[in-house]
Amino acid sequence: MRFFSFHLMPYIGLDPSYDGPAWVTCPNQLFDPVHGGALYNRYLDELLYAEELGFDGVCVNEHHQNAYGLMPSPNLMASIVARQSTRMKVAVVGNALPLYDPPTRVAEEFAMIDCISGGRLIAGMVVGGGPEYYSFSVNPAYARERFQEAHDLILKAWTTPGPFEWVSKHYRIRYVNPWPRPVQQPHPEIWIPGAGSVETMEFVARHRYAYMGIPYFSLDVFKRTFGMFRDACAAEGYEADPLQAGWLVPIYVAETDAQARREYEEHLWYFVKRLLPGITIQPPGYTSARSLANILKGAGTFMLNVTDWDEIVAGRYAIVGSPETVTEQLVEALGALGTGNLLGLFQLGSLPADLTRRNLELFAREVKPALEREFPAGAPVYRPTAAAA
Amino acid sequence: MAPLHEEFVDAPVGKIQAFRGGSGAPLVYLHSAGGEAPGLAVLEDLAERFEVLAPIFPGFGESEGIEEIDDMDDAVFHLLDLWALFGLDRPCVLGSSLGGWMALELAVRYPERVARMVLVNPVGLYLADAPIAEMFGRSPAELAEMLFVDQEHPIAAAMHAMEEFTGDVGKSVQIPIELVLPMWKALGATARLGWDPYLHDPKLRRRLRRITAPTLVVAGAQDGLVPLQHAETLVAEIPDARLAVLEGAAHWLVLERPEELAVLTRDFLSS
């Protein structure tokens, strides 16, 4: 089991009188730059603290024009972390490839981070969220084509001596010859986040990359998703390695279950009610018909529809409680999903700095060692009996 | 009223669904982003006087081949292919909204292939002080408000009934996929042509002078999608064009005002 601390870098303190979506059209006058600067620095401290506490790595991600996550450029954050850490992995999950034109920009910046970190980058590549297609006016009907072409171009840029010419439907570059090149050869480990698109799972399975389940659905949806991913790997003629799958989930640990809920609940609802609205908009042409069918199966369980705490607990939307409770729930869930990477969101919504740090400390001290004993490196993680529960 | 019958033709892009009926001079109907054509009263009315042909554009209904079409250039070449398949030299064209835009793109490039045109609330232009409203990311109910005056119209009422499907899958309750899929496909096909630039072609305006077909632009005075200035601009810049404004009509008036549209079209095409 590998442990990552994932940060969304949310905007805390969104004007209470504003009740619209947190995405695309959320007025940017609501962003206070001085407050925003303080948040960035606080969040970077929280990411770097993960190395001190023995995490295997940290994750940052890309979103634009929203209050949910303040990282239009996760590469900027990753480069700071790369510079200020020495041991842990730095996972960018990911760059939204269709938004980069030319996409060789991704090959360049990822190689920079890999060089600065001495080969600790995990290179995430993502189609980009629905809202981004509104914010960038990039045509969603070509999102999958652009992602595919950009991916092929980046991989070729990393693995084929330059210069060479690239010609595909959406990208034409006369001289592809990026300096620098990545330290990790032939290329950094690649993670692909997905929300249930069948095409994405098949793509990840075909390339033997790792599939990261995009969160905020009930555990049953993830059971089906990771089951489909294992099937996709089997269809490629191999058994999925646990490290090819990662589950992203909010986690909060306190001394007791009651204390955990008391400290955490309001911050979780800030996330659900203030930051999530607008995230799930699906622009036309962005999803194929067969993937839409699969996504709609899970849509009813999306966290936006959850309104009471018992549902949060029952659906494992967040794992909250004493070290014993959190350990027990994670053992069961990880076994059911078979994911060898646990991506914990230890800061969620408006959770303040002191509680975030204590959460990270308690998890690292009390929960992580227990999970390491339960899921030793190299051993299978998937437990069919847990999945059937 | 003369009924239209469904048929399928093999176009270079793939199998195309079409509706055909009536007799007389050929009149091609190009549908809007809603993909309407089957059972359309205005077409059955016009089929009394014309041979009406209503091909369904790739990506809509049961027509294939949208992956072959990336932009209006491809759309125009597809129309030329249809003209050849149906043995049309210089038909009249009736186009609604997206279909009106396609008719314009055809007529600026191949003016000799269009006899006369009736364009109903066409998109295709960008006017800085009168932008086309946002149609993507709207719920069916919001779209109905933009497209219809009468929210009790059967199609408007059906769109209100679909309110649960907002395109925001996170907010969706469990919705039967067969209800969502036709709209999903139609919007996806429309996005290929009209996501960016949004429902317009920056080069279209300066090309309008090339159109030779006498043109009638029909505008709904209460169109919630396309401001009236678009029709006025087209009429000002197409050499032989006139304007008919329907008071108390909105965008999808091919559905809401079929009798008046049939009369206007018949009179204009016969004059």
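1. Gln229(B) is found in helix 8 (residues 228-237) of chain B; helices (H or I, at least four residues) and strands (E, at least two) are DSSP runs, numbered from the N terminus. Gln229(B) counts as partly exposed because it has 15 C-beta neighbours inside 10 Å. On this scale a residue is buried if 20 or more other C-beta atoms lie within 10 Å of its own, exposed if 12 or fewer, and partly exposed in between, with C-beta atoms placed from the backbone. Leaving aside neighbours within four places in sequence, Gln229(B) is in contact with Leu127(B) and Ala130(B), where contact means that the C-beta atoms, placed from the backbone, lie within 7 Å. Between the C-alpha atoms of Gln229(B) and Ala107(B), 122 residues apart along the chain, the separation is 21 Å.

2. A note on the model and its numbering. This is a predicted model, in which local features need pLDDT of at least 70 and side-chain atom pairs count only at pLDDT 80 or more, while totals for chains, interfaces and linings use all residues. Residues are numbered from 1 along each chain as its sequence is written, and chains are lettered from A and ligands numbered from 1 in the order in which they are written.

3. Chain B as a whole has 10 helices and 8 strands. Its radius of gyration is 17 Å, close to the 18 Å that the globule rule gives for 271 residues, so chain B is as compact as a globular protein of that length. The radius is taken over C-alpha atoms, and the rule is 2.2 Å times the number of residues to the power 0.38. Along the principal axes, the C-alpha trace of chain B spans about 50 × 40 × 35 Å. Of the 271 residues, 52% count as buried. Among contacts in chain B with a separation of 6 or more, 71% are between residues 24 or more positions apart.

4. Helix 10 (residues 258-270) of chain B has 13 residues and should span 18 Å at 1.5 Å a residue; the end C-alpha atoms are 18 Å apart, which agrees. The expected span is 1.5 Å times one less than the number of residues.

5. Which residues of helix 10 of chain B are buried? They are Leu261(B), Ala262(B), Thr265(B) and Leu269(B). These residues cover an arc of only 100° around the axis, which puts them on the same side of helix 10 of chain B; the arc is that of the directions from the helix axis to the C-beta atoms. An α-helix has 3.6 residues a turn, so residues three or four places apart point the same way. On the other side of helix 10 of chain B, Glu259(B), Asp267(B) and Ser270(B) are exposed. The cover over the buried residues includes strand 3 (25-30), helix 1 (41-46), strand 5 (92-96), strand 6 (117-120), strand 7 (215-220) and helix 9 (253-256) of chain B.

6. Chain A contains 13 helices and 11 strands. The radius of gyration of chain A is 20 Å, close to the 21 Å that the globule rule gives for 389 residues, so chain A is as compact as a globular protein of that length. Taken along the principal axes, its C-alpha atoms fill a box of roughly 60 × 50 × 45 Å. Of the 389 residues of chain A, 52% count as buried. Residues 24 or more positions apart supply 78% of the chain A contacts with a separation of 6 or more.

7. Strand 1 (residues 2-6) of chain A has 4 of its 5 residues buried, so it is largely enclosed by the rest of the structure. Strand 1 runs parallel to strand 11 (residues 341-345) of chain A, joined by 5 bridges, and Arg2(A) has Asn341(A) as its bridge partner there. Two strands pair if DSSP finds at least two bridges between them. Strand 1 is also parallel to strand 2 (residues 57-60) of chain A, with 3 bridges, and Phe6(A) stands opposite Cys59(A) of strand 2. With helix 1 (residues 33-52) of chain A, strands 1 and 2 make a right-handed β-α-β unit; right-handed means that, with the strands pointing away from the viewer, the path from the first strand over the helix to the second runs clockwise.

8. Strand 9 (residues 245-253) of chain A has 9 of 9 residues buried, so it is largely enclosed by the rest of the structure. Ala245(A), Trp247(A), Val249(A), Ile251(A) and Val253(A) point one way, Gly246(A), Leu248(A), Pro250(A) and Tyr252(A) the other, and all are buried.

9. Which strands pair with strand 9 of chain A? Strand 8 (residues 210-213) of chain A runs parallel to strand 9 with 3 bridges, and Gly213(A) stands opposite Trp247(A). Strand 11 of chain A pairs with strand 9 in the parallel sense over 5 bridges, with Leu248(A) opposite Leu343(A). Strand 10 (residues 319-321) of chain A is joined to strand 9 by 3 bridges, also in parallel, and Ile319(A) is the bridge partner of Ile251(A).

Conventions
Two residues are in contact if their C-beta atoms, placed from the backbone, lie within 7 Å.
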